[in-house]
Amino acid sequence: MSKYSAFSLARHALDPDLPWPRAWRSPEPKASYDVVIVGGGGHGLATAHYLAKNHGITNVAILERSYIGSGNVGRNTTIIRSNYQMGANTGFFEHSLKLWEGLSHDLNFNCMVSQRGQVVVAVSPVQMDVFARRGNIMRLNGIDAELLDRGEVMKLLPYLDYSKDARWPVCGAIHQPRAGTARHDAVAWGYARSADMAGVDIIENCEVTGFAIENGKVTGVETSRGRINAGKVAIAVAGHTSHVAKMAGLRLPVESHILQAFVTEPLKPIVHHVVSWGAELFYLSQSDKGGLVFGGHIDGFNTYTQRGQFAKIRDVAECAVSLMPFTSRVRLLRHWGGIQDMTPDGSPFICKTPVKNLYLNGGWCYQGFKATPASGWTYAHTIANDEPHALNRDFSLDRFEKGNELDEFGIGNWTYKQ
Amino acid sequence: MRLACPHCGPRDYSEFRYGGDASKQRPPHGTTGHGTGDLQTWHDFVFLFDNPKGPHLEYWQHVLGCRRWFTLTRNTATNEVGEPK
């Protein structure tokens, strides 16, 4: 497999008959692997990449039920950021953002990481106090954050509703300049190509149908393409974590919910940042094609259908128009849904399980995409060493019984219970 | 999605509030007087979910209508809803 470079680009441009090689192989599954990763999404692919790169483990298979890029890695709103303020989250997501910053070079694949900055708009003086606190915590942890007053926000985001009768007055904002967006498909393809070049077998259209467990220890998986033996098995199927873990006899603090995302018709460049809102959960950025990409809350009842409800489309559109009145005449082009694991505290799991040699990565709630690099990095460490890294030690399954919840926003699956 | 309220008949789902898994049984309180009972049982009741991909017995409330609570079975793989009870 050849390295991508300016030279290879020129060579292919000058010789149109020279085909670009496939980015990854399509191997038949072997009878046995050191590590089998269940799920070929962003997190599974990243895990394989870091298993090879950081730990020298390359006898690895990734089993994907559908095709690479078909799940949540291609269904998110592509935002990356690290403005967290609680314990383990702060360090973990900052580690992730640092990996994002070098990702295109690391993978030799242009992930189009665009650090355009994220501005979270405050709608009350009290919220400015909350943002000041969050910014202070971030800065104490070496993360960039700045507080903007109303005048500074007016310069940065001149298209918000600053009128006297605005329902939600703009009081200021918190700004993380290093936040931004990345090209989600490229992240999947880049990790897949890199893992494949290291010798990892990516096996698409191969559904795991059961686990082989002997004396409390996992020894392999049953799949739609036969039995595959494994020294270690790593689950990374967020959205379907309960469904897969149940086959291993596990009952988890996870519910599957649908989150919708939306894109409008293409516009001339107008929104130059990722803009979020303090009045409701709402986040919007403008893609390179010009469409406004945005999202809000989950629909609010557990489901595995990737189809959203109209009421949520209306809610999110109301948010868009309240914050940015110009969007009222923009037409919605597409909307889609992704199924995500919701945990009671809104934080994920990257941990060992009660079954020996079976590992769990899931429960990503709203934050799976931005976590992709650090998730793979720490999960690879957990699998290789059979113990968590300091960065993911708190993302354990037993944190609820021990009283160590990480309820950053308190927006786990409780929304319907509040 | 449309749900059939036992009192008002079929209405849009946005008139309803979701109440979660109706098959869970609330554990009994302890007998010591301070009464939280067995912690593991309560942990499992509060934090663990069957989260099935298929039929799911659940609570709904017609919160923007008659405010009646009821249960129904919904298939979480298709959002097909059964008769309310």
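Predicted model: local features only at pLDDT ≥ 70, side-chain atom pairs only at ≥ 80, totals over all residues.
Q: What makes A:E318 partly exposed?
A: A:E318 has 13 other C-beta atoms within 10 Å, which puts it in the partly exposed class. A:E318 belongs to helix α9 of chain A, residues 310-323. A:L140 is 178 residues from A:E318 along the chain, and their C-alpha atoms are 36 Å apart.

Q: Why is A:T78 classed as buried?
A: Within 10 Å of A:T78 there are 21 other C-beta atoms, so A:T78 counts as buried. A:T78 is part of the loop between β2 and β3 of chain A. The phi of A:T78 is positive, near 65 degrees, although the residue is not a glycine. Most residues other than glycine have a negative phi.

Q: Is B:R67 buried or exposed, and how do you know?
A: B:R67 has 11 C-beta neighbours inside 10 Å and is therefore exposed. The loop that holds B:R67 runs between β4 (55-61) and β5 (69-75) of chain B. B:R67 is not a glycine, yet its phi is positive, at about 70 degrees.

Q: How do you know that the span of α3(A) agrees with what its 15 residues should give?
A: The expected span of a helix is 1.5 Å times one less than its number of residues. For α3(A) this should come to 21 Å, and the end C-alpha atoms are 23 Å apart, which agrees. Buried residues of α3(A) include A:A88, A:N89, A:T90 and A:E94. They pack against β3, α4 (103-107), α5 (125-140) and α10 of chain A.

Q: Why are α3(A) and α10(A) called roughly perpendicular?
A: Angles of 65 to 115 degrees count as roughly perpendicular, under 35 as roughly parallel, over 145 as roughly antiparallel and the rest as oblique. They are taken from 0 to 180 degrees between N-to-C directions, with axes fitted to C-alpha atoms, for helices over the stretch in contact. The two helices pack at about 100 degrees, with their axes 7 Å apart, and α3(A) and α10(A) are therefore roughly perpendicular.

Q: Which residues make the contact of α3(A) with α10(A)?
A: Contact requires C-beta atoms, placed from the backbone, within 7 Å. Among the residues involved are A:F92 and A:W100 of α3(A) and A:P373 and A:W377 of α10(A). By class, the contact has 8 nonpolar, 2 polar and 1 charged; Ala, Val, Leu, Ile, Met, Phe, Trp, Tyr, Cys and Pro count as nonpolar, Asp, Glu, Lys and Arg as charged, and the others, Gly among them, as polar.

Q: What makes α2(A) mostly covered?
A: Of the 14 residues of α2(A), 11 are buried. A:G42, A:H43 and A:A52 are among them. The cover includes β1 (32-38), β11 (226-236) and α10 (368-385) of chain A. α2(A), residues 42-55, reaches 19 Å from first to last C-alpha, close to the 20 Å expected. A:G56, with a positive phi near 65 degrees, follows α2(A).

Q: Which parts is chain A divided into?
A: Domain 1 is 28-82 + 84-109 + 183-254 + 345-417, and domain 2 is 118-179 + 256-342; such bounds come from an automatic or database domain assignment. The domain centres, over C-alpha atoms, are 27 Å apart.

Q: How many residues of chain B are in contact with chain A?
A: 17 residues of chain B are in contact with 21 residues of chain A. β3(B) gives the most to the chain B side, with 3 residues.

Terms used:
Residues numbered from 1 in each chain as written. Chains lettered and ligands numbered in written order. Contact = placed C-beta atoms within 7 Å. Helix = DSSP H or I, 4+ residues; strand = E, 2+ residues; numbered from the N terminus. Buried ≥ 20, exposed ≤ 12 C-beta atoms within 10 Å, placed from the backbone.
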